[in-house]
Amino acid sequence: MKHTLIWVGLIGSAILSTSPSSAESLIWGVQVEQLEHRYNDNGSNAIAWDGDAIVGTDELKFVLRSEGEFETDGDVMETLETQARLQKPISTFFDAVVGVRADTPEGPDRFHGVVGVKGLAPQWFEVDADLYLSEHPSFRVEAEYEALITNRLILTPSIEVDIPFTDDREIEIGAWGPKLEVGARLSYDVLDRSIAPYVGVHYERTFGETRDIALEDGKEGDALFFVTGIRLMY
Amino acid sequence: MIRNTLVFAGLFGLSVSVLNPAVAEAGEYNLTVDRITIDTGEFTRSGIGYNGASPGPVLRFKEGEDVTINVTNNLSEPTSIHWHGLILPFDQDGVPGISYDGIAPGETFTYRFPIVQNGTYWFHSHSGFQEPDGAYGAIAIENAKREPFRYDREHVIQLTDAHPHSGDRVMRNLKMSADYYNRQQQTIGDFFSDSKKMGFGATLNDRLAWGNMRMMKNDIEDVQGFTPLINGQSTQQNWTGLFEPGERVRLRLINSSAMAYFDIRIPGLKMTVVQADGNNVQPVTVDELRIAVAETYDVIVHPKEDQAYAVFAESMGRTASVRGTLAPREGMIADVPELREDPALTMADMGMAHEGMDHGNMGTMDHSNMPAMENGSMPSHTMPDGTAMKGMKHEGMNHGAMPSHTMPNGTAMKGMTHEGMNHGAMAMGTSEDSFYAPGSGLKPTAANGGKFLSYSDLRAQKPLYEDREATREIELRLTGNMERYIWSINDVKMSDAEPIVLKYGERVRFKFVNETMMSHPMHLHGMWSILDTGKGKWDPIKHVVNVSPGTTAYMETEVDAPGQWAFHCHLSYHADSGMFRKVVVEGGPQSTDADFGNVSGG
Amino acid sequence: MTKQTTKRAAFAAAFAMAFMVSTNFAIASPGHSAKKNVGEPGKSSDVTRTINVKMYDNYYEPENISAKEGETVKFVVTNAGELVHEFNIATGEMHKAHQPEMMMMQEHGVLDGDRINMEAAKAMQASMGHGMHNDPNSVLLEPGKTGEVIWKFPEHAELEFACNVPGHYDAGMVGKFKLTH
């Protein structure tokens with residue numbers, strides 16, 4: 001409640017600012033980094049997405065993030081993560097993040113607090129590192145790089161590592177058994193940076209105990225997907 | 001000659017008043033602010049215009065008259081009009097929050113002020129992003145006496161960088177992704193072609209050096225994808241101005257862009273610059289000039305042939321251009337020159353930006369192969385590490401006047417101290433322009449190899465003020481965070497800043513230290529900016545001072561206008577994101593009453 | 001003296017005289033063959049008319065001048081402006097050729113806005129062979145000063161009076177001589 005009030009106050013004062021000649025505009029936008037169809041080498045299909053809705057000012061931004069994976073073959077919501085984050089600059093290129101994360105896929109729900117950093121590392125690597133705090137804490141780091149083949153044709157390799165600190169058998173997690181996702185997506189900016197269709201590959205693999213659990217349950221330890229999708233920004 | 005001009009002016013004035021409801025009666029003008037559709041030939045969009053058009057009408061005032069301007073706001077949002085470059089009471093200056101509350105939707109606001117100057121100026125909205133959306137027009141003020149230059153006819157050449165996106169959208173996009181509009185970024189292909197030119201090691205080091213800073217050397221124009229217009233017309237629409245061969249033509253060049261600087265040339269014609277920012281300068285003839293955002297230049301051209309001439313304006317970052325035609329008859333089309341190669345910033349342009357940066361790895365950079373430089377060779381004076389520039393006194397750094405032969409006894413170099421500069425190497429073909437960092441990738445050269453106007457060439461025709469020592473100096477570091485698209489002064493945004501307080505009667509010396517990699521056209525409202533070009537009493541009197549990356553520029557202001565004034569970078573998206581200050585002038589006659597009855601005559 | 005020395009001395013003297021004569025009649029431009037088309041310095045005793053010319057920033061009064069072919073006119077030129085100006089009688093081409101010289105004078109600090117720097121002029125003359133602006137077909141004046149040009153007009157010529165201080169000609173500080181029989 002307090003957060004909402006603070007938030008309304010911030011937005012309100014920005015809007016009601018009485019000197020339009022020099023008033024800063026409200027920052028807002030929607031960035032959907034991934035909206036794709038994944039096709040597995042063993043025939044399974046899924047729709048996956050990863051997007052942020054942002055509103056705020058230079059000093060404080062509110063971000064609503066949604067990440068998910070929906071297996072179309074079995075109509076199963078494999079992954080559904082929703083995060084509400086507050087982001088604040090702490091250095092020239094990095095922001096500190098604090099928030100909450102709700103996982104509500106098929107199966108048991110999980111809720112975590114989020115503490116992290118997000119920004120641009122030297123040599124143009126976009127880095128996102130979060131600590132998820134709860135009964136089943138974990139650490140996740142994502143890094144991405146945009147390689148310009150031309151000014152419109154962009155190859156984006158990405159890597160994500162998720163390390164759980166404790167067991168969570170219910171959702172097939174083993175302590176210190178990391179999950180790795182590696183991707184390479186080739187996109188083309190069709191309309192500014194608003195619409196950019198892409199094709200690419202996406203590889204997932206689990207290690208350690210997490211992998212053992214998956215194999216025990218008859219699941220694959222790794223999977224390679226061919227993806228086609230679209231990046232959106234407005 | 002004068003007779004012809006008067007007849008022409010009379011006919012023009014008559015046609016203006018017939019065709020243009022702006023001129024109700026001499027001294028009284030009407031403007032409406034309207035939503036309009038802008039059609040550039042490349043795209044159409046919704047925008048804002050004056051009297052139904054963008055650009056708005058050319059307001060023709062007479063020096064010495066008292067003007068009354070009724071502005072009716074037909075928009076559904078507040079608006080304002082600022083008279084750029086005009087000296088007037090502060091409550092007529094048109095800046096919401098500083099001069100007044102703005103003009104509410106449906107309201108008619110009446111401006112009243114005396115015209116105390118002559119020359120070319122312009123007007124525009126100072127609300128939101130209405131100016132980039134089309135709300136701008138020109139002001140031509142007739143001299144009460146005879147002009148110090150002759151011409152048979154004149155044309156207004158007002159440039160803008162029309163963009164398909166609304167100003168609000170552009171600002172939002174820049175905040176979400178600072179390189180949203182930059183399509184000149186270095187690609188993998190560039191890496192290979194640079195490797196061929198400079199060698200793999202040098203190229204890798206170059207990329208690593210810039211990557212370490214997370215800065216782009218090709219980020220000269222933040223906002224690309226615009227269609228430049230001359231008087232509202234793109235190259236396709238071909239604005240045409242007529243002349244009779246043998247006539248002298250005065251061109252009132254105005255850059256009303258939101259973000260773009262233009263390099264202007266007229267192949268086949270030299271331009272004699274007679275005014276800069278509305279003030280007469282000792283005439284200087286050039287082949288090409290760069291006009292920063294919000295600046296004006298009045299030039300005389302003398303076309304003798306019966307042919308069409310191209311008035312060509314190329315954006316500084318070489319991403320777009322516009323061609324207008326000067327012709328003896330309608331229907332003629334001048335050729336459109338090709339865009340020149342994109343310039344790239346060099347480490348020299350980063351000079352001020354990096355206290356404590358490890359410049360050690362710069363030794364491996366091969367400076368002699370910058371793509372933009374026409375002759376590829378750079379003056380070989382030793383470049384101290386950027387931070388060393390602070391301590392040097394350069395009296396405005398007038399190196400522009402150095403010719404390429406050895407000086408007999410240096411009498412012309414009076415008053416300059418040159419610590420750190422290697423003079424022997426200066427005697428080379430390329431001349432330095434002290435308003436760019438030594439070795440800058442941004443320094444322009446004329447396309448035909450001729451003379452390119454530099455600030456160093458500007459000398460006031462008639463000084464407006466007695467030349468005296470400044471009473472104090474105020475340092476304004478031009479700062480910003482490109483990645484977040486935050487722009488500021490002394491690292492503080494407008495919203496967090498205290499006003500700059502000046503005292504009526506003092507002479508303040510402003511020191512602009514550009515710690516960013518962008519050029520900033522700094523504009524102080526209501527009072528003149530006397531740019532220090534090292535010419536003492538002949539320093540030019542301007543209202544916009546461009547400060548190039550990695551340089552320090554000085555200008556002095558005689559504080560003779562009471563009230564409060566805006567002071568900001570005139571790049572629209574920089575001003576809005578914080579590169580702005582309110583200036584409060586304490587003391588002086590309290591003449592806030594804009595009523596004519598109280599304004600003393602003359 | 002030996003015969004050879006005498007010959008050399010005579011030759012040197014003749015050369016020196018020719019040089020002095022030619023430089024005395026030098027006009028403010030390269031190319032002395034232009035003498036025929038431009039007229040020549042006149043003798044005070046031949047003056048039939050005196051015309052007062054005022055120089056302002058940046059124009060002349062009168063704007064155009066009529067003269068008779070062969071007439072010797074005395075021009076009393078006053079600089080009523082605030083900048084240094086020139087009153088120079090020559091053809092358009094000669095003016096164009098003179099402008100780079102004046103530009104060099106400005107770059108060397110000889111022309112300094114509203115004054116003429118004589119030290120810089122002497123220095124320039126010493127190192128470059130020109131810089132002292134003292135030719136008979138023109139005067140270069142500081143604000144407030146007055147100078148004279150006595151000129152004998154030729155037959156059939158297109159002459160202009162102009163100021164070649166950098167930029168002034170292009171700004172319109174030029175007028176035509178209308179020559180009549």
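This is a predicted model: local features need pLDDT of at least 70, side-chain atom pairs count only at pLDDT 80 or more; totals for chains, interfaces and linings use all residues.
Let's start where the two chains touch. Chain B brings 22 residues to the contact, and chain C brings 22 residues as well. On the chain B side, β15 (271–276) and β16 (279–286) each supply at least two residues. The biggest giver on that side is β16(B), with four residues.

| Class of residue | Residues on the side of chain B that touches chain C |
|---|---|
| Nonpolar | 12 residues |
| Polar | six residues |

Now for the inside. The largest nonpolar core has 181 residues, and those with the most contacts inside it are I139(B), V273(B), L289(B), V299(B) and F87(C). Nonpolar side chains tend to be buried together in soluble globular proteins. Take V299(B): leaving aside its neighbours within four places in sequence, it's in contact with L251(B), L253(B), M271(B), T272(B), V273(B) and V274(B).

Next up is strand β11 (residues 227–230) of chain B. Which way do its residues point? T227(B) and L229(B) point one way, P228(B) and I230(B) point the other way, and all are buried. In a regular strand, side chains alternate between the two faces of the sheet. β11(B) pairs with strand β10 (residues 153–162) of chain B in the antiparallel sense, over four bridges. I230(B) in β11(B) is the bridge partner of L159(B).

Finally, chain C has four helices and 12 strands. Of its 181 residues, 38% are buried.

Notes. Residues are numbered from 1 along each chain as its sequence is written. Chains are lettered from A and ligands numbered from 1 in the order in which they are written. Two residues are in contact if their C-beta atoms, placed from the backbone, lie within 7 Å. Ala, Val, Leu, Ile, Met, Phe, Trp, Tyr, Cys and Pro count as nonpolar, Asp, Glu, Lys and Arg as charged, and the others, Gly among them, as polar. A nonpolar core is a set of buried Ala, Val, Leu, Ile, Met, Phe, Trp, Tyr and Cys residues joined through C-beta atoms within 7 Å. A residue is buried if 20 or more other C-beta atoms lie within 10 Å of its own, exposed if 12 or fewer, and partly exposed in between; C-beta atoms are placed from the backbone. Two strands pair if DSSP finds at least two bridges between them.
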